[in-house]
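Let's take a friendly walk through the inside of a protein, looking at its nonpolar cores and its aromatic rings.

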Amino acid sequence: MVDKTFPFLKSTLEEVSKQHPTPFYIYDENAIRQQARSLNQAFSWNNGFKEYFAVKAAPNPFILKILKQDGLGLDCSSLSELNLAEKAGLMGEEIMFSSNDTPIDEFIKAASIGAIINFDDINHISFLDKYIPLPNIICLRFNPGHLKTGNLIIGHPVESKFGLTQEQLFDGYRLLRDKGVKRFGLHTMVASNELDLDYFIETADMLFQLVIDISKKLGIRFEFVNLGGGIGIPYEPDQQHVDLQSLSDGIKLSYQERIVANNLDPLKIFLECGRLITGPFGYLVTRVRHIKNSYKDFVGLDACMADLMRPGLYGAYHHISVPGKESWAPNKIYDVTGSLCENNDKFAINRHLPELAIGDLLVIHDTGAHGHAMGFNYNGKLRSAELLLRPTGKIILIRRAETMDDYFATIDFHALDNFL
């Protein structure tokens with residue numbers, strides 16, 4: 001069982017909401033740092049291990065700068081994320097650029113700042129080579145097809161748009177070798193929010209064997225393998241955290257049996273987790289606006305799916321706490337909703353909660369990854385603020401809430417006055 005608590009008093013949240021009205025996100029800096037350090041410690045046996053935090057999970061430069069201080073790199077997938085990485089102070093091989101259907105300007109930008117480029121398509125080799133010399137370090141993304149199963153979020157590999165087939169991998173590395181590339185990496189990403197540590201050990205074993213096979217056939221030496229991300233977190237109270245030390249021990253055993261035994265050591269191991277690092281340590285704080293009694297009992301919040309889309313998109317579970325009513329029995333059943341003109345705008349369906357009243361604060365747990373980042377403006381909803389709980393106990397603003405002026409900033413109303 002996982003204890004779903006939060007590091008704030010109700011009185012603190014009420015005081016914060018006077019300056020920053022709900023809904024807002026708030027992140028626990030100290031807990032994020034501890035998680036990053038735990039992952040680094042678990043893999044300290046591997047000389048060169050690096051976690052490249054997936055920027056898409058929490059694209060806020062304050063968060064990214066915190067992670068840089070603890071030795072993490074960044075996994076970027078777009079021009080905006082590359083620019084965000086620069087603004088957070090990361091450069092060169094602290095950045096891995098993994099994208100798909102990539103425009104040339106994004107490849108050129110990644111190359112210009114010395115990021116490690118991870119090709120998603122064998123055709124991208126010649127595509128980039130037409131514009132600039134290939135960088136000296138290149139990674140290829142492997143799609144294992146029927147060799148692995150996926151899950152709901154990322155889909156099955158054989159149906160995925162991502163990565164190269166095994167045959168294409170051999171052709172791709174041969175082409176890169178012949179074009180003068182000297183440094184090589186291998187990558188895969190085949191699951192998302194997976195809690196079975198054996199899945200990741202099997203993935204490592206698969207990549208290590210590929211390193212052996214490709215190295216022998218092509219006469220190249222790999223510098224690193226990127227095992228991807230996808231390590232899950234326990235969204236539901238009856239789930240368990242992935243044991244990072246046991247995960248590392250399993251991968252280390254495979255490394256010794258394959259990489260060391262075939263004289264391919266040293267080989268750096270990279271990960272690109274996002275959810276694991278920040279997910280459990282972010283909270284969406286919202287307030288009850290209405291309570292509706294019709295065929296069911298509905299709780300209407302001032303947050304909506306535009307603030308957190310995972311429940312509506314995936315049917316994902318997020319635990320909900322009611323500050324000040326922690327000791328109350330959860331003897332009422334509610335659908336917890338937002339105000340969008342969509343019936344899937346629900347944070348919870350048939351959820352047992354304490355009896356609620358208009359004005360109650362609610363804390364929605366495990367929203368530190370793919371929460372604010374996936375927000376949108378449908379129905380003209382404005383995106384909420386992001387706050388950070390510092391280790392000193394001080395709470396600071398790291399992204400202000402959107403305003404109506406922000407929402408209309410891309411429309412030329414002067415041109416509208418003369419339209420038609």
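This report covers the cores and then the ring pairs of a predicted model.

## The nonpolar cores

The largest nonpolar core holds 99 residues, and Tyr173 and Leu186 touch the most other members. Helix H8 (residues 197–218) supplies the largest share of this core, with eleven residues. A second, separate core has 13 residues, among them Leu13, Val285, Val363 and Ala385.

If you click on Leu186, which residues does it touch? Leaving aside residues up to four places away in sequence, Leu186 touches Cys139, Leu140, Phe142, Leu169, Tyr173, Leu207, Leu210, Val211, Phe222, Phe224, Val225 and Asn226.

## Aromatic pairs

Across the whole structure, a search finds 17 aromatic pairs. One of them joins Tyr173 and Phe184: the ring centres are 6.0 Å apart and the planes stand at 75°, so this pair is edge-to-face. Tyr173 belongs to helix H7 (residues 166–178) and Phe184 to strand E7 (residues 183–188), so the pair ties together parts that are eleven residues apart in sequence. Tyr173 and Phe184 are both buried.

Tyr407 and Phe408 also make an edge-to-face pair, because their planes are at 70°, with ring centres 5.1 Å apart. Are these two residues buried or partly exposed? Tyr407 counts as partly exposed at 31% relative accessibility, and Phe408 is partly exposed with a relative accessible area of 33%.

## A cluster and a charge over a ring

Phe97, Phe107, Phe119, Phe127 and Tyr131 come together in one aromatic cluster. Elsewhere in your viewer, look for Phe170: the charged end of Lys217 sits over its ring, 5.3 Å from the centre.

Note on methods: Residues numbered from 1 in each chain as written. Predicted model: local features only at pLDDT ≥ 70, side-chain atom pairs only at ≥ 80, totals over all residues. Heavy atoms only, no water. Core = buried A, V, L, I, M, F, W, Y, C linked by side-chain atoms within 4.5 Å. Buried < 20%, exposed > 50% of the residue type's maximum accessible area, 1.4 Å probe, protein only. Helix = DSSP H or I, 4+ residues; strand = E, 2+ residues; numbered from the N terminus. Contact = heavy atoms within 4.5 Å. Phe/Tyr/Trp six-rings, centres within 6.5 Å; stacked < 30°, edge-to-face > 60°. Lys NZ or Arg CZ within 6 Å of the ring centre and 35° of its normal.
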